[in-house]
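Please read this note alongside the structure shown below.

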Amino acid sequence: FFLYGFGGSIVSDLLMGLPVTALSHPRIIPCYLIGWTLVWFSPFDVLFRKYSNTSSSLHYFLQACEAVDAVTTPMGRISRSARELRNKVTAPIAAGLLAGLGGGGLRHVV
């Protein structure tokens, strides 16, 4: 998840010449570590089995969270590039595409 979850933001920031902000927020790394711990150390794979059951409320909740993240990440990159690269007309479009495609591309490369 780390590569495709944060990869799009990192790729778009680096290619636009902006400082990488994906890991600078104080809650990102602790939340990532909590999620990683819950997944890898869940007794008897309880979380995986709950998520794999497509009729469970956990499955619907996590799918909704993924959908919100899929929309807000490119939009955040678009607004940041418009704010910080004011004289570049195509920067917001490129930032949105890089954020949306960058993480998915990293997932298949690594």
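The points below go through a few residues and helices in turn.

1. The model is predicted, and the comments here should be read with that in mind.

2. Serine 12 lies in helix H1, which covers residues 2-16. Its relative accessible area is 0%, under the 20% cut-off, so serine 12 counts as buried. The side chain of serine 12 reaches the backbone oxygen of serine 9, at 3.1 Å.

3. Which residues does serine 12 contact, leaving aside neighbours within four places in sequence? They are Arg77, Ala95, Leu98 and Ala99.

4. Alanine 95 has serine 12 among its own contacts, together with Met16, Arg77, Ile78 and Ser81, again not counting residues up to four places away in sequence. Alanine 95 also belongs to the largest nonpolar core, whose five residues include Met16, Leu18, Leu85 and Ala91 as well. In soluble globular proteins, nonpolar side chains tend to be buried together.

5. Helix H4 runs over residues 57-84, and its 28 residues should span 40 Å at 1.5 Å a residue; the end C-alpha atoms are 40 Å apart, so the two values agree. The buried residues of H4 are His59, Thr73, Pro74, Arg77, Arg80 and Ser81. Of these, Arg77 and Ser81 are touched by alanine 95, and Arg77 is in contact with serine 12.

6. Is threonine 54 buried or exposed? Its relative accessibility is 52%, and the cut-off is over 50%, so threonine 54 counts as exposed. Threonine 54 sits in the loop between helix H3 (46-52) and H4. Beyond residues up to four places away in sequence, threonine 54 touches His59 and Tyr60; His59 is one of the buried residues of H4.

Notes
Residues are numbered from 1 along each chain as its sequence is written. This is a predicted model: local features need pLDDT of at least 70, side-chain atom pairs count only at pLDDT 80 or more; totals for chains, interfaces and linings use all residues. Side-chain values use heavy atoms; hydrogens and water are left out. Helices (H or I, at least four residues) and strands (E, at least two) are DSSP runs, numbered from the N terminus. Buried means under 20% relative accessible area, exposed over 50%, partly exposed in between (1.4 Å probe, protein chains only). A polar contact is a pair of N or O atoms within 3.5 Å; within protein, one must be able to donate a hydrogen and the other to accept it, and residues adjacent in sequence count only if both atoms are side-chain atoms. Contact means heavy atoms within 4.5 Å. A nonpolar core is a set of buried Ala, Val, Leu, Ile, Met, Phe, Trp, Tyr and Cys residues joined through side-chain atoms within 4.5 Å. The expected span of a helix is 1.5 Å times one less than its number of residues.
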